[in-house]
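Subject: Model handover

Hi,

Here is the model I promised to pass on. Have a look at it first, and then read my notes below.

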Amino acid sequence: MKDDCVFCKIIKGEIPNYTIYEDKDFKVFLDINPITNGHALLVPKTHYENMFELDEKMVTKIFKTAKKVYDIEKDKINLEGYTLIQNNGHGQDVKHYHLHLIPRYTHDDVKYNSNEKQLVEVENVFNQIKE
Ligand code: AMP
């Protein structure tokens with residue numbers, strides 16, 4: 001536990017939250033700024049900063065738990081898909097590992113853009129990675 005960590009505070013029950021699943025290893029609560037209806041955060045009770053601090057056992061548990069939460073949510077809110085996002089370092093606001101569980105719906109406006117410029121960049125980055 002880290003004293004200045006907002007998710008550690010949620011786990012300790014010090015900050016109000018909308019918990020939809022909890023067991024000895026995880027707390028899963030609704031994101032206060034949801035991308036879609038039912039957007040939740042799957043958070044290990046142990047304070048890991050990011051994915052690079054997880055061992056294989058924890059990675060397995062995270063994905064097993066994500067499936068459990070999917071099963072809980074799917075019938076209750078009629079979701080049609082599940083998008084997972086997980087930020088590490090740049091783009092990560094809360095420095096306590098969390099997996100975004102984002103229910104998807106036919107008419108949601110979550111988009112992944114692609115254009116010609118991006119395709120050129122893909123080739124450049126491919127060459128950098130393969131060098
Ligand atoms: P990330 O950019 O991946 O670190 O995302 C952090 C997420 O935590 C954001 O989507 C926030 O809306 C969410 N968040 C921050 N504080 C809280 C809170 N107290 N309760 C629920 N969600 C939170």
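Two words on the conventions. The model is predicted, so local features need pLDDT of at least 70 and side-chain atom pairs count only at pLDDT 80 or more, while totals for chains, interfaces and linings use all residues. Residues are numbered from 1 along each chain as its sequence is written, and side-chain values use heavy atoms, with hydrogens and water left out.

Five strands make up an open sheet in the order 1-2-3-5-4, with antiparallel pairing. Strand 1 (19-22) and strand 4 (81-85) are at the edges with a single partner strand each, so one side of each has no neighbour in the sheet. On average, neighbouring strands of this sheet are turned by 20 degrees against each other, direction ignored. For that angle, axes are lines fitted to C-alpha atoms (for helices over the stretch in contact), and angles run from 0 to 180 degrees between N-to-C directions. Strands (E, at least two residues) and helices (H or I, at least four) are DSSP runs numbered from the N terminus, and two strands count as paired if DSSP finds at least two bridges between them. As a reminder, strands of a sheet pair through backbone hydrogen bonds, either parallel or antiparallel.

Going through some of the pairs:

- Strand 2 (residues 26-30) and strand 3 (residues 40-44) are antiparallel and share five bridges; Phe 26 faces Pro 44 in strand 3.
- Strand 3 and strand 5 are joined by three bridges, again in the antiparallel sense, and Leu 42 stands opposite Leu 99 in strand 5.
- Strand 4 and strand 5 have five bridges in the antiparallel sense, with Leu 84 opposite Leu 101 in strand 5.

How many residues of strand 5 are buried? Six of its six residues are, which makes strand 5 mostly covered. Leu 99, Leu 101 and Pro 103 point one way from the strand, His 100, Ile 102 and Arg 104 point the other way, and all are buried.

Over in strand 3, Leu 41 is buried too, at a relative accessible area of 5%. Leu 41 and Asp 93 are 52 residues apart in sequence and 13 Å apart in space, C-alpha to C-alpha.

A search of the whole structure gives seven salt bridges, a salt bridge being a side-chain nitrogen of Lys or Arg within 4 Å of a carboxyl oxygen of Asp or Glu. One of them joins Glu 14 to Lys 12, where the closest N and O atoms are 3.9 Å apart.

Another is formed by Lys 45 and Glu 22, with 2.8 Å between the closest N and O atoms. This pair links distant parts of the chain, 23 residues apart: Lys 45 is in the loop between strand 3 and helix 2, and Glu 22 is in strand 1. Glu 22 is partly exposed at 40% relative accessible area. Together, Glu 22, Lys 27 and Lys 45 are linked in a network of salt bridges.

Arg 104, in strand 5 (residues 99-104), counts as buried at 17% relative accessibility. Asp 108 forms a salt bridge with Arg 104, and their closest N and O atoms are 2.8 Å apart.

Asn 50 sits in the loop between strand 3 and helix 2 and counts as buried at 12% relative accessibility. The side chain of Asn 50 reaches the backbone nitrogen of Phe 52 at 3.0 Å. That is a polar contact, meaning a pair of N or O atoms within 3.5 Å; within protein, one must be able to donate a hydrogen and the other to accept it, and residues adjacent in sequence count only if both atoms are side-chain atoms.

**A nonpolar patch**

Finally, the surface: Val 59, Phe 63 and Leu 84 form a nonpolar patch with about 230 Å² of accessible area together. Accessible areas come from the Shrake-Rupley method with a 1.4 Å probe, and for residues only the protein chains shown count as cover. Patches are made of residues with over 30% relative accessible area and no salt bridge; like charges are joined within 9 Å, and nonpolar side chains (Val, Leu, Ile, Met, Phe, Trp, Tyr) within 5 Å. Phe 63 belongs to helix 2 (residues 56-77) and is partly exposed, at 41% relative accessible area.

Best wishes

Definitions and conventions. Buried means under 20% relative accessible area, exposed over 50%, partly exposed in between (1.4 Å probe, protein chains only).
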